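Take a look at the structure below.

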Amino acid sequence: MKRRVMSGLLVATMAVSAFAGCSKDGVDIQTTTADSKKAEVETTTEAVTEPQTEAQTEAVETTAQETTQAKPEVINITYWHSQDEGFMELMCEKFNALHSDIMVTQKYVYDLSAALQDAEAGDSLPDIISCSDVDLVLANAYWIDISGYYSADAETKNLLPTINEYGIGCFDTSMRLAVPTDFTPNAIFIDRNVLEGFELDMPDTDWTWDEMIELVKNTTFSDRVGMKYYGLAEASSLYSQYEISAYDPAQRAVKGMYGFDGETFDFTKWAEGADELAELKRDGYVAPAQSTDANEEWTGDYNTWFGATGHVAVMSGALWTYQNVWALDGFQEEHNLDIVPYVVPGVLNGGLHDTMAIMSMGGITNTCLYPEEAYEVLKFMSYGTDGWNARMDIYEDDSLVNSQGIAFANSCITAPTTLDEGVWARYRGLFKSSEENASYWDAYFKNIVRPVPYGYSQIVGYWSFVDQYMSSKSVYEAIEAGEVSASDFAEEATRMADIYHAGTMLYYFGENSNYEHVYGQILSDEEIAGFQKTIEGVDFF
């Protein structure tokens, strides 16, 4: 039976409707059991429960017979992604040169929903999907359980610790459906020249959130004659980066946005951080956003970027902000800048702590005929040391450029998810700095090895909650305008996030779900009962 691919919003809307009493049989996104089992047979018998139906048994037996046939001399694997297409083509060439029996081809996908619809219509789903918004893939049960491959690979024991501690790519199930394929850490960038102008010492690299806020306030200044100095500018919002380090693990072991602990949410700390940041904006400590009237009034140019003004002390962004702009030859000299990175500071304490990061997830699809070979590709494109050394060969070669003629190290750089010392030594070498600034880079890289992905890459039902609650109520706009306090939303937001997550977990992995049809019971009886209690009486769809 053909599956209909739906947008994340529609999926969640129908999902919660189903919670309120609609039969799942009425939602035409069921997976083909035979296809799913066919993809899974070569993975591991440990990762698959006993078939639950006669159809499943027949599918397994049929697939077992088919997989005893000789494999072709060269196995073709297709890889969908959202990275730079030219860079990924080079990565495919690197992989193919190392594997004479596997030929990987790549496809850049801008609109995953549309691409999946076209692929479904033509029976041409890829073998691997790498994406940042996981709800669409999970709703259609595209990814298979790769636990067997993952657990058998010694390299998975040497990854960034939060990947295994928090089950990043498992989506709070006992299955491993994906691995991080991209990891871009956030950062706070400080312009040393601004601090020198204010005759302020640089903060300790193991700083705290309160120390950052103090610095922001101490470096905001306007004499109403010259151009104003702002203490803070945001390329990436700090709203989502406060609470991840604000909880005492002994009281609440948080592993995701909005105080998520793997089962429920708690918006208490989010509210604390949101109110503090909103007050900074209202009181004039935060620079205007680019391409706004306020920015034109400040800089004299509607499109001037704050990172080129030399009038901002503390700037939030992602690591690629530095490599894509500030690392370009002559840029800092031209704009009188001296930029160094800091880890986004911890709330309770400085030093090593969990920090938010941008991640994509990659998994093997249920139509893949050769999942063992596909896993070799997935590993190479994600955490494998061979793959990362191949990446480094590309990054280190300035003659290898993207379609705009910019070196890949300055246009599409991501960070390793392996802890391999050789890989990290090469990666550290990409970030050139003066001898005086080298210690800041060393401290930064030491403190970013506990990433937590944003909700869209890890928390089931995240986008539905954001779209249908946070955005619909214009939460951040109301807080920044001073109309309400973030704490006014905390209790209701916690309840609504719990509802969206619980309902979607049941829809994806609960009774009669697509995944349960293939793998048997996934959620425990206790989990199912807890989720059902959370959504009891929900009737707002």
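Which residues of helix 23 are buried? In helix 23 (residues 525-535), the buried residues are Ile528, Phe531 and Ile535. Buried means under 20% relative accessible area, exposed means over 50%, and partly exposed lies in between, with a 1.4 Å probe and protein chains only. An α-helix has 3.6 residues a turn, so residues three or four places apart point the same way. On the other side of helix 23, Asp525, Glu526 and Lys533 are exposed. Gly537 follows helix 23, and its phi is positive, near 85°.

A word on the model itself. It is predicted, and local features need pLDDT of at least 70, side-chain atom pairs count only at pLDDT 80 or more, while totals for chains, interfaces and linings use all residues. Residues are numbered from 1 along each chain as its sequence is written, and side-chain values use heavy atoms, with hydrogens and water left out.

Now the whole chain. The protein chain has 23 helices and nine strands. These are DSSP runs numbered from the N terminus: helices are H or I with at least four residues, strands are E with at least two. Of the 541 residues in the protein chain, 56% are buried. Contact means heavy atoms within 4.5 Å. Take the contacts between residues at least 6 apart in sequence: 76% of them join residues at least 24 apart. The accessible surface of the protein chain is about 22500 Å², and carbon and sulfur atoms hold 47% of that surface. Accessible areas come from the Shrake-Rupley method with a 1.4 Å probe; for residues, only the protein chains shown count as cover.

Next, the charged pairs. Side chains of opposite charge can pair when their charged atoms come close. A salt bridge is a side-chain nitrogen of Lys or Arg within 4 Å of a carboxyl oxygen of Asp or Glu. The whole structure holds 17 salt bridges. One of them joins the side chains of Glu372 and Lys71, at 3.7 Å from N to O. Glu372 lies in helix 15 (residues 371-380) and Lys71 in the loop between helix 3 (54-67) and strand 1 (75-81), so this pair ties together parts that are 301 residues apart in sequence. Glu372 is partly exposed, at 42% relative accessible area. Lys71 is partly exposed too, at 34%.

Glu234 and Lys281 form another salt bridge, at 3.0 Å from N to O. Glu234 is in strand 5 and Lys281 in helix 11, so the pair ties together parts 47 residues apart in sequence.

A salt bridge of 2.7 Å, N to O, joins Glu396 and Arg426. Glu396 is in the loop between helix 16 (385-395) and helix 17 (421-428), and Arg426 is in helix 17, 30 residues apart. Through shared partners, salt bridges join Lys94, Asp393, Glu396 and Arg426 into one network.

Lys255 sits between strand 5 (230-234) and helix 11 (268-282). Is Lys255 buried or exposed? Lys255 counts as buried, because its relative accessibility is 17%. Its side chain makes a polar contact of 3.0 Å with the side chain of Asp172. A polar contact is a pair of N or O atoms within 3.5 Å; within protein, one must be able to donate a hydrogen and the other to accept it, and residues adjacent in sequence count only if both atoms are side-chain atoms. A polar atom of the Lys255 side chain also lies 2.9 Å from the backbone oxygen of Tyr166.
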